[in-house]
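Visitor: I have a model to go through with you. Can we start with the helices and then move on?

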Amino acid sequence: MRKEPVKIREYEISRRITDFQEVVLGYNEKEARLEAKRCLQCPNPACQLSCPIGVSIKEFISQIAKGDFKEAYFTIRQKNDFPSICGRVCPAEYQCRKTCVLTKKDALFASEEAINIHFLERFAGDYGLKNNLKIPLKDKQLVRFKVAVVGSGPAGLACAGELARQGIGVDIFESLHKPGGVLKYGIPPFRLPRDILDYEINYLKELGVQIIPNFIVGRLKRLDELFKEGHSSIFLGMGAGVPSFLGIEGENLCNVYSANEFLTRVNLMSADKFPYFHTPINIGKQILVIGGGNTAIDASRVALRLQVINGFNPDVTILYRRTENEMPARRLEINHAREEGVKFEFLVQPAEFVADEAGRVQKLTCLRCCLAEPDESKRRRPVIIEGSSFQVGCSLAIIAVGLGANSVLTNVTPDLKTDKYRDIIVNPQTMETSIKGVFAGGDIVGGEGTVIEAMSMAKKAASSIIERLSLPASYNSQL
Ligand SMILES: Cc1cc2nc3c(=O)[nH]c(=O)nc-3n(C[C@H](O)[C@H](O)[C@H](O)COP(=O)(O)OP(=O)(O)OC[C@H]3O[C@@H](n4cnc5c(N)ncnc54)[C@H](O)[C@@H]3O)c2cc1C
């Protein structure tokens, strides 16, 4: 057996910071087969149990090893509607790859030796896309029903796909002008090229899914109105789109952005092409990004590219109050950010933004931290070191310290029960909410998670909806 993992080809660093082209170039057929042949084909594959949607990993890897790429694609598609997307964004190092037997015991995340399951999934997914492979519709068609889906992020899209393949009519209501949720407005194209997302969305449209953009459910229509219009069930996949802030002095100064706003301006509103597109963005000389998750890494890499494109010397620093080990961001992305020139300052807590005479941010006062015992998030808790205050120059700050639920819909739907974070409460077996016939999944349930977790909840909700709609008409007429 070949021991060394097959390295993934990547866009060269000096060129990649000058544009938004995809960084990871993927495996070709020969590389994919070589990597697949490293898989030990364990009798009880732990990797499959740690995949939130239970993809038959062992089987599709064995098919790739044999060169049966089409079969590999269909094996994955039995469980996962978006292999090309998940193969690019899944935090495999904390999920399937972490439990690969080739990962060292007690490792915090997957060892390099672990099989590159996500790159193989991406290879098979891209093979399916290139060859326009389509999975067959389900035998039993429930064409007389129509379901409303609120939100077109991975949760909404995954739920719509499951329902549409069953012949159920789906109307997706999306508040933004383009569908995709975070896959469109958050994750930058150098991680997830837009043609891949567009391909999957177009496929759903081919299945008959209708996408209604610029439509805020809760403002333009309430849930009872969607029922009255003939929707038999409703799925809520509104995500967690409201940014958290630090709650420190100076946070509302000019040129202090939330990462959500910053990324949306660039990814959705084409601020990188200003003035050809009418979305201005400030590109400062000295950019600070606060946070340690995927959002912070994405924001830092976008900011650095914008500096280079606009003729500045790259100067982007991520400030994080714990150490690299505790960073929730994907390891691959941390490494990419570092090799592109993003700097990291660990064990630093922002204390106050300081303005220049025009009211623009000029400096950030920070405090140094050390780590105490793990907190409720199971990560070691940062503790401020007395008298450790220092200042750093800052012409643009991007805050990426978490996202929470948007209450537009829940505020006008008193029967819809939410928890103290304003997340929607569901029955975890069925994903049904406190309102009969209304289901929910993704980040609006349980807070910020991952793409694959959102899809997993959405698929579960779709199964419940299908099960419900398959019941006798007398039951469904009571909804
Ligand atoms: C910058 C960034 C990078 C990330 N990177 C990764 C990564 O690499 N890997 C990973 O697995 N996860 C990543 N995540 C997390 C992941 O994207 C989310 O967990 C996932 O998108 C959640 O899916 P969702 O469908 O629940 O919500 P979203 O993707 O947020 O989609 C919700 C959609 O609902 C719409 N909406 C909201 N309210 C309404 C309403 N009232 N009416 C109509 N429409 C509404 C929103 O406009 C949005 O389009 C990242 C998140 C961010 C912000």
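Visitor: Is the crossing of α2 and α4 left-handed or right-handed?
Guide: This is a predicted model. In it, α2 and α4 cross in the left-handed sense.

Visitor: Which residues make the contact?
Guide: From α2 there are Ala 32, Arg 33, Ala 36 and Lys 37, and α4 brings Ile 61, Ile 64 and Ala 65. By class, the contact has five nonpolar, no polar and two charged residues.

Visitor: At what angle do the axes of α2 and α4 cross?
Guide: Roughly 130 degrees, with the axes of α2 (residues 29-37) and α4 (residues 57-66) coming within 8 Å. The two helices are therefore oblique to each other.

Visitor: Now the sheet. What is the strand order?
Guide: The order is β8-β16-β9-β10-β11, an open sheet of five strands with parallel pairing. β8 (256-258) and β11 (343-346) are at the edges, each with a single partner strand, so one side of each has no neighbour in the sheet. From one strand to the next, the twist averages 20 degrees.

Visitor: How many bridges join β9 and β10?
Guide: Four bridges, in the parallel sense. Among the residues involved, Val 289 has Ile 318 in β10 as its bridge partner.

Visitor: Which helix lies across β8 and β16?
Guide: That is α12 (residues 259-267), which runs at about 85 degrees to β8.

Visitor: And the ligand, how many residues surround it?
Guide: There are 42, and the closest are Gly 151, Gly 153, Gly 181, Gly 239 and Gly 442. Elements giving two or more residues to this shell are α8, α13, α15 and α16.

Visitor: What is the shell like by class?
Guide: It has 21 nonpolar, 17 polar and four charged residues.

Notes. Residues numbered from 1 in each chain as written. Predicted model: local features only at pLDDT ≥ 70, side-chain atom pairs only at ≥ 80, totals over all residues. Near = placed C-beta within 6 Å. Nonpolar A, V, L, I, M, F, W, Y, C, P; charged D, E, K, R; others polar. Pairing = 2+ DSSP bridges. Axes fitted to C-alpha atoms, helices over the stretch in contact; angles between N-to-C directions. Contact = placed C-beta atoms within 7 Å. Parallel < 35°, antiparallel > 145°, perpendicular 65-115°, else oblique. Left-handed = near helix turned anticlockwise from the far one by under 90°.
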